[in-house]
Amino acid sequence: MEATVTTPVDVMAVLNKRPLIISGPCSAETEEQVLATAQRLAATGKVDALRAGIWKPRTRPGSFEGIGTKGLPWLQQAKKLTGLPTAVEVATGKQVEDALHFEVDILWIGARTTVNPFSVQEVADALRGANVPVLIKNPINPDLELWTGAVERVAKAGVKYIGLIHRGFSSYGNTEYRNAPMWHLGIEMRRRNPDLLMVCDPSHMAGRRDILQDTAQRAVDLGYDGLMIESHIDPDKAWSDAKQQVTPEKLAEMLDAIKWRHESTQEAEFLSALAKLREQINHIDDELLSLMAQRMKISEKIGQYKKENNITILQTSRWNEILERAIRKGEKQGLGKEFITKYFDAVHLESIRHQNKVMNED
Ligand code: PEP
Ligand code: MN
C-alpha cells in the first residue's frame, strides 16, 4: 500500500511560498500518468502544487480536448499520495462546479478564456461564494485591459485570493517563441497590481524545451514570484504540448540551474527598464524585417517588369541614386556613412537575388 497523506492541504501557506513552483502535465491523460507524474514531481521536493489540464481549449478541433470530469478523481488521488494541492483550468460554470466538487485547490483561467468577457463572467458567477484561489492567465492578445477586466470580474464575484500568470502573447509571424513574452506587459501588469501573486509560465511562452530554461531565468531575473512549468513522465508521447514538456527529473535539474536572485528593488527596477527597452528593440526589428520583406516583394515586381521588357537587372545609375539619397537622409538622422553604405549594399544584393529569381522563372 502506498502512503497517503491525510492532513488537509494548507493552500494559502503554499501560495505564499517563494519561489512558488507549480508543475504537472499539460493534460491529464490516464490515471497512471497523473499519479506517476505527481509522485515523481513530489519526489524532487521542489514542487509546491500540481497542475493538470482536464478540459483543454484547443485552437483547432480534432486535437485532444481533455479527458474531462473523469480525470478529477485522479487529481484527488494525486493529492492524497503527495500532499500537494492541485490546480486545474476552468472555462465554464459547470467546470468550476465539477472542479470544486472534486476538491481541486486552485483554479486557473486560461488565456483563451481571459480574452472573452462573457466566459470570464460565467466563470466568475460560478465562483461566487466559493473560497478558492483563482489564478488568471494573460489573454492571448497583448491587451492589459482584458487581463485587468478578468481580474475585476473575478474579484467582484467575491474571490479573495487572485493571482496572475504571465504566459506570453500571440503575435503575428514566426518568432522564437510560441507566445511572445512581451515582458514589459507582464511588468506593467505587476506595477498595476503590486499585491497579486505573479507567476510566469515559461512552457507556453517557449513552446519548446531548448529555450525553456532561459525563459524561466528571465522571469526569475525580473522578480516574478514563481513558475508554472509543464511536466510529463514521457514528454514526447504527451497528448498535448509534447514539444514543451519536460520530465519531473529534468524539471528538477532546471530548477537547480536557475539563479534565484535576492531581489533588491533597485535591481528589479533596472531589469524592468531593461526589459522594456529590449522589447521596444524587438518590435522595431520585427517591423524592419517585415518592411524589408515588403521591399523585396516590390523588387520582385520590378523584376517581373524588367523581364517582360527585356531589361537587365543591374542599373548602376538607379543604384547610385538610391545610395546617395540614403546617405543624405541617414546622415541627417545621425547614422554613419559607412554603416548606411554597408547596409544598402546588403539590401541591394538581396534585392538582386529576388529579381534574379523572378527573371529566371519560366
Ligand atoms: C495550459 O496551461 O495547458 C494552457 C492551455 O495554457 P494557456 O491558457 O496559457 O494556453
Ligand atoms: Mn499546455
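What is the volume of the largest cavity? It is about 40 Å³.

This is a predicted model, in which local features need pLDDT of at least 70, side-chain atom pairs count only at pLDDT 80 or more, and totals for chains, interfaces and linings use all residues. Residues are numbered from 1 along each chain as its sequence is written, chains are lettered from A and ligands numbered from 1 in the order in which they are written, and side-chain values use heavy atoms, with hydrogens and water left out.

**View 1. The whole chain.** The chain holds 14 helices and eight strands. Helices (H or I, at least four residues) and strands (E, at least two) are DSSP runs, numbered from the N terminus. The C-alpha trace spans about 85 × 50 × 40 Å along its principal axes. Of the 362 residues, 49% are buried. Buried means under 20% relative accessible area, exposed over 50%, and partly exposed in between (1.4 Å probe, protein chains only).

View 2. The structure holds one cavity of 30 Å³ or more. On a 1 Å grid over the protein atoms alone, a cavity is a set of points where a 1.4 Å probe fits but cannot get out, and lining residues have an atom within 4 Å of a point. Grid points are joined across faces, edges and corners, and the volume is the space filled by probe spheres set on the points. α2 (31-44), β2 (49-51) and α3 (72-82) each supply at least two lining residues of the largest cavity, and α2 gives the most, with four. The lining includes Val34, Leu41, Arg51 and Leu75. By class, this lining has eight nonpolar, two polar and one charged residues. Here Ala, Val, Leu, Ile, Met, Phe, Trp, Tyr, Cys and Pro count as nonpolar, Asp, Glu, Lys and Arg as charged, and the others, Gly among them, as polar.

**View 3. Gln33 in helix α2.** Gln33 lies in α2 and is buried, with a relative accessible area of 5%. Leaving out residues up to four places away in sequence, Gln33 touches Pro25, Ser27, Ala28, His232 and Ile233. Contact means heavy atoms within 4.5 Å.

**View 4. Helices α4 and α6.** Helix α4 (residues 93-101) packs against helix α6 (residues 117-127) at an angle of about 35 degrees, with the axes 8 Å apart. Axes are lines fitted to C-alpha atoms, for helices over the stretch in contact, and angles run from 0 to 180 degrees between N-to-C directions. Gly93, Lys94 and Val96 in α4 meet Glu122, Val123, Ala126 and Leu127 in α6. These contact residues divide into four nonpolar, one polar and two charged.

**View 5. Helix α8.** Seven of the 10 residues of α8 (residues 183-192) are buried, so this helix is largely enclosed by the rest of the structure. Among the buried residues are Trp183, His184 and Met189.

**View 6. Three loop residues.** Pro19 lies in the loop between α1 (11-15) and β1 (20-24), and the peptide bond from Arg18 to Pro19 is cis, with omega near -10 degrees. Asp241, in the loop between β8 (226-230) and α11 (248-257), has a positive phi, near 50 degrees, and is buried at 14% relative accessible area. Asn310, in the loop between α12 (265-308) and α13 (316-332), has a positive phi near 60 degrees and is exposed, at 73% relative accessibility.

How values were computed. On a 1 Å grid over the protein atoms alone, a cavity is a set of points where a 1.4 Å probe fits but cannot get out, and a pocket is an open set with protein on both sides within 12 Å along at least five of seven lines; lining residues have an atom within 4 Å of a point.
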